[in-house]
Amino acid sequence: MSTATLEFDVVVVGAGIVGLAHAYHAHKRGLSVAVVEHTDRVAGASVRNFGHACISAQSGEALRYARAGRADWLTLSAEAGFWSAETGTVALARHDDELAVMQEFAALRGPSAARMLTRSEVLARVPADPAGVVGGMFLSADLQVDPRTAAPNIAQWLESVGVKFFWRTAATSFEPGLVRTSRGGIRAGTTFVTVNHDIDRLFPDLAEDIDLRRCALHMMKAVVPLRFPLTAPLFTGWSLLRYSGFETMPSTPAVAARLLAEFPDETTLDLHQMYTPQPDGTLLIGDTHIREVTPSAFQSEKGFEVLLDHTRELFGVRTVDVVERWQGVYSTAPGREFLRAEPLPRTHVVTVTTGIGMTTGLGLAAAGVAAAFDTAAVGV
């Protein structure tokens with residue numbers, strides 16, 4: 001279908017969760033919106049993830065976006081018809097230094113955000129092998145959504161309420177007020193380019209300026225014979241090294257040093273041992289992190305072996321039946337969580353440059369749409 005005569009208030013390039021969030025917030029303002037996506041469905045990082053809105057463990061700008069997007073997740077779950085749950089997250093401590101980080105974090109954030117759990121409270125919530133468990137923490141604000149259906153359902157719902165989608169249509173270049181695509185040009189009052197790591201194919205200088213790379217993950221879905229069901233996402237000591245909310249805690253360096261000494265292979269793989277339970281009783285298990293401009297097409301079995309070994313040890317089980325394995329890929333850049341740029345007038349590039357797109361995307365988009373249109377409204 002030719003796009004030659006079409007014009008919209010907002011054109012969003014990219015139908016991942018960040019792009020859909022921009023379309024959602026623009027549509028809420030009564031603006032005409034189009035979404036341009038080179039695939040025929042939502043298929044990237046926005047479906048290849050844990051479905052975990054990890055709100056509590058963020059800090060600074062990311063924490064603001066995560067908190068702002070929480071209500072939108074629940075609203076969209078009801079409107080678009082995908083599963084969500086206000087589960088919170090349990091963080092399991094198996095060493096005193098891990099418990100110290102959690103105590104420091106809980107003292108900083110307060111009991112309404114982070115509540116310490118005794119050893120017995122943890123074991124009542126988590127079907128872990130009791131050996132070595134010393135306590136834990138509960139993060140009450142966190143949410144879960146179904147990662148396989150959340151973003152696709154949002155896209156379908158947006159189409160049903162008037163947002164125009166151009167599937168199997170590639171954006172090729174940009175001019176002020178114009179998006180050139182493989183089906184022709186689309187006139188746009190404002191454009192948001194939200195293509196995750198593929199920003200290096202559209203605006204290579206922006207990508208090179210921040211050393212943007214692709215982060216490739218080992219992930220899997222499995223049936224684990226637990227003593228009782230896990231009902232909330234589970235963090236381990238490795239999680240304390242992954243999120244900005246924990247990195248400034250005084251005891252975090254001790255955790256990092258110990259894990260490096262005890263598990264050098266896992267540290268090389270940049271392991272994050274975490275679990276999210278699914279409504280069908282399976283667990284999503286992950287993950288590892290390999291950062292390259294172009295990830296290898298060949299995924300080593302070593303990462304999966306490490307995840308399986310740690311899962312068996314953590315839960316005290318002998319077997320883990322893997323249902324699916326996959327390689328998640330998201331954009332990453334050293335020392336930053338977000339890329340926002342305006343390389344052309346009214347053309348905004350927006351990318352989450354770490355693995356928190358599902359957590360922060362809705363709030364990030366709300367802020368970006370507000371900045372673009374509220375500023376324009378006063379003629380600045």
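Which residue in strand 7 is the bridge partner of Ala-91?

Analyst: The bridge partner of Ala-91 in strand 7 is Met-137. The model is predicted, and local features are given at pLDDT of at least 70, side-chain atom pairs only at pLDDT 80 or more, while totals for chains, interfaces and linings use all residues. Residues are numbered from 1 along each chain as its sequence is written, and side-chain values use heavy atoms, with hydrogens and water left out.

Ala-91 belongs to strand 5, which covers residues 89–93. Helices (H or I, at least four residues) and strands (E, at least two) are DSSP runs, numbered from the N terminus. Five of the five residues of strand 5 are buried, where buried means under 20% relative accessible area, exposed over 50%, and partly exposed in between (1.4 Å probe, protein chains only). Cover is found on both faces of the strand: Thr-89, Ala-91 and Ala-93 lie on one side, with Val-90 and Leu-92 on the other.

Strand 5 pairs with strand 7 (residues 135–139) in the antiparallel sense, over five bridges. Two strands count as paired if DSSP finds at least two bridges between them. Strand 5 also pairs with strand 14, in the parallel sense and over two bridges. In that pairing, Val-90 stands opposite Leu-234 of strand 14.

The loop between strand 14 and helix 8 (244–247) holds Ser-239, which counts as buried because its relative accessibility is 0%. Apart from neighbours within four places in sequence, Ser-239 is in contact with Phe-246, His-272, Gln-273 and Met-274; contact means heavy atoms within 4.5 Å.

Met-274 falls within strand 15 (residues 274–277), which is joined to strand 16 by four antiparallel bridges. Tyr-275 has Ile-285 as its bridge partner in strand 16. Five residues lie between the two strands of this hairpin, and Gly-281 there takes a positive phi near 95°. Strand 16 (residues 283–286) is covered on both faces, with Leu-283 and Ile-285 buried on one side and Leu-284 and Gly-286 buried on the other. Four bridges also join strand 16 to strand 13, again in an antiparallel arrangement. Here the partner of Met-220 in strand 16 is Ile-285.

Strand 13 (residues 213–223) contains Lys-221. This lysine is classed as buried because its relative accessible area is 16%. Beyond its neighbours within four places in sequence, Lys-221 has contacts that include Arg-148, Asp-280, Leu-284, Asp-321, Glu-324 and Trp-326. Between Lys-221 and Gln-103 there are 118 places in sequence and 31 Å in space, taken from C-alpha to C-alpha.

A disulfide is a covalent bond between the sulfur atoms of two cysteines. The rule used here asks for a pair of cysteine sulfur atoms within 2.5 Å, and by this rule the count is zero disulfides. Cys-54 is in no disulfide, with the nearest cysteine sulfur, that of Cys-215, 16 Å away. Seen from Cys-215, the closest cysteine sulfur is that of Cys-54, and 16 Å is too far for a bond. Cys-54 is buried, with a relative accessible area of 2%, and Cys-215 is buried at 0%.

Helix 1 (residues 17–28) provides a helical example of cover. Its twelve residues reach 16 Å from first C-alpha to last, close to the expected 16 Å, the expected span being 1.5 Å times one less than the number of residues. Ten of the twelve residues of helix 1 are buried, among them Ile-17, Leu-20, His-22 and Tyr-24. Gly-30 follows helix 1 and has a positive phi, near 85°.

Finally, the whole chain may be considered. It comprises twelve helices and 20 strands, and 55% of its 380 residues are buried. Its radius of gyration of 21 Å agrees with the value near 21 Å for a compact globule of 380 residues; this radius is taken over C-alpha atoms, and the globule rule is 2.2 Å times the number of residues to the power 0.38. The C-alpha trace spans about 65 × 45 × 40 Å along its principal axes. Of the contacts with a separation of 6 or more, 75% are between residues 24 or more positions apart.
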